[in-house]
Amino acid sequence: MKSFKSNQLYQLTLTQFLETIREPEVLFWGIIFPVLISIGLGLAFTQKTESKFHVILVETQPTELDSLLCLYAQPEQIEGKEIRTWKVPDDILGNTAFRFERKDWHSAIVSLKRGEADLIVTDSTGRMQYHFDPHNSQAQLAYMKLSALVHSPEASVTTTAAAPIRPLTLKGVRYIDFLVPGLIAFGIMSSILWGVSYTIIERRSQKLLRRMIATPMKKSNFLFALMFVRILMNIVEALILFFFVWWLFDIQIQGNIGALLVLFMAGNIAFTGIAVLVSCHTSKTEVGTGWINAVQMPMMILSGIFFSYHNFPEWSIRIIKLLPLTALTDGIRSIFNEGAGWMEIITPSVALSVFGMLCLVIGMRFFKWY
Amino acid sequence: MLQIEVNSVYKSFKDVQAVQGISLAIPSGEFVALLGPNGAGKTTLVEMMEGLRKPDSGEIRIQGKSWQKHENELRKIIGLSLQETRFQEKLTVRETLRLFASFFGLGEKRVDEVIAWTGLESKHQSMTGTLSGGQRQRLALAVALLNHPQILFLDEPTTGLDPHSRLDLWKILKSLKDSGETTLILTTHYMEEAESLCDHIIIVDEGKILREGRLEELLNENARNLDELFIQLTGKTLNENPEKSQ
Ligand SMILES: Nc1ncnc2c1ncn2[C@@H]1O[C@H](COP(=O)(O)OP(=O)(O)OP(=O)(O)O)[C@@H](O)[C@H]1O
Ligand SMILES: [Mg+2]
């Protein structure tokens, strides 16, 4: 019997694996970096932070605001400018801080254009006037909070609200719950696109592909080995990421773990197909980079990794839902946060696998081994 | 039996006619040298014999079989080293050899043999990325020898080697020749290499065979060695200042 160690699929997988783990930079960018990013984003978006608004006063005569500022705001000198800060505490919605600064109209507009200021306040016969871009929701919020505050400086929104606010503390509704499944899906996509495509293109330009197929090596084994190693790395990456977010943010998988694994595999197949298609012809890494970006960028923006795609126009959502990354992200998210099981993931899993196989077949049809 | 038959083969790239109607026949056990200046078409011709490029027209048979129909069979009996191959840099010499051995279903025993044969014992644990040029050539030769090839193609195996390493490599090839089981096609710019190793010498330039035969058949009063013959044939020198000849 032939020894297991001289099996070519085993050797191809082993050498591919050794090569991957011997490149510390690859490990860093492939595994540690995504984990750091998600922890960073997670902390940034879950910490109860102060909302800060910057208001510029362009007044000729004192208004009601000025008398309030004398009472409530702290004057300070920052870089020679007098800035007054009014802090409004709020246990439920988080604290708010308004920074007021005096300027002339022209410099106020410049600050607004630069995004330094949210609101400009002027006066007209002793009454305040607000100036802001009505399409800017941050400016709108600043306006609403400030005008409410000027109206009744002692009361906070929470206590005056007509109906009481009940903060949701359910699992799966926080931003981090939304983000983590997206990052796992994104991790699969970028690790496979870069890992598989880049390896293929580099081997081709080194003439190593040509050297390899000048032997009885089975071509499919070469691609399988690339895919196996990538899937292994993706599993490790997802586990590390999951461990940290579970530990730091108490994220849990509410749905079926078996279904999650199947979907994970389907995602790997889909992106391996794309990766092979993208790298089937070129031996220039620059061309490869171009293709990978062309595939990855639109999906990264559209597929709802960092924010929901429901903000996009209605007509585009139907198209967005057809993107492989969208299918994968939505599927993983529903298992994590909505307790989805086998039934919900059958369609995306089958669609992703079929799509991946199709790309693989087309890619192999046009594949240049040398 | 003829190991290799090449029948009026043509190959051109966009604007270059790399091989223009070459025919040859190489019997079993013969060592053949392809000599020619840069761009003569040696690599193109050899790669067509190796089944890595398709000729535009003409026919190539290895042991009477064509590449189109018998690729799987033929891959098992040939060994080759390309003019330039970079192996995976983060693998050791031994790991690289193990990988290639597995393609032929061979194991550790054969790996040990070729390591010993090519004198890579002291380097078998080194990453291929850290090898010197000559050591890399030896590794390429070791890979080529793994499957006991009946036909061996070596594209400039000694280019860039110091005289000592070149002699080492010649020794390996001579021992191969003595066993008489291997047919060798070797491209080179070095006259001495062709003279000392090969039975049959083929001089090519601009995609055509200028002269071929045994060394003593090629030489005459006007051309006492291959260098002179080459100048006589083409007006160019073979390996000195090759860029001038282009
Ligand atoms: N892939 C290619 N595309 C276009 N032209 C090519 C290609 N490969 C070779 N050529 C051209 O074909 C001609 C023959 O090239 P080849 O590599 O066979 O020469 P060679 O005899 O091996 O030269 P050297 O001694 O420098 O290795 C050259 O003019 C070269 O520019
Ligand atoms: Mg060449």
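**The interface between the two domains of chain B**

Domain 1 of chain B and domain 2 of chain B bury about 1,000 Å² between them, and 64% of that area lies on carbon and sulfur atoms. The model is a predicted one, and in it the domain assignment of chain B gives domain 1 as residues 2–77 + 150–244 and domain 2 as residues 86–148. The contact between them draws 18 residues from domain 1 of chain B and 12 residues from domain 2 of chain B.

Placement of the domains

- Taken over C-alpha atoms, the centres of domain 1 of chain B and domain 2 of chain B are separated by 24 Å.

Polar and charged pairs across the interface

- One salt bridge is found across the interface of domain 1 of chain B and domain 2 of chain B.
- B:Arg138 and B:Asp168 form a salt bridge in which the closest N and O atoms are 3.3 Å apart.
- Six residue pairs, both members at pLDDT 80 or more, are found in polar contact across the interface of domain 1 of chain B and domain 2 of chain B.

The side contributed by domain 1

- On the side of domain 1 of chain B that touches domain 2 of chain B, the elements that give two or more residues are helix H2 (67–77), strand S7 (151–155) and helix H6 (163–179) of chain B.
- H6(B) supplies the largest share of that side of domain 1 of chain B, with seven residues.
- Sorted by class, the side of domain 1 of chain B that touches domain 2 of chain B comprises nine nonpolar, five polar and four charged residues.

Definitions and conventions
Residues numbered from 1 in each chain as written. Chains lettered and ligands numbered in written order. Predicted model: local features only at pLDDT ≥ 70, side-chain atom pairs only at ≥ 80, totals over all residues. Heavy atoms only, no water. Domains from an automatic or database assignment. Contact = heavy atoms within 4.5 Å. Buried area = accessible area lost by both parts, 1.4 Å probe. Salt bridge = Lys/Arg side-chain N within 4 Å of Asp/Glu carboxyl O. Polar contact = N/O pair within 3.5 Å; in protein donor to acceptor, adjacent residues only side chain to side chain. Helix = DSSP H or I, 4+ residues; strand = E, 2+ residues; numbered from the N terminus. Nonpolar A, V, L, I, M, F, W, Y, C, P; charged D, E, K, R; others polar.
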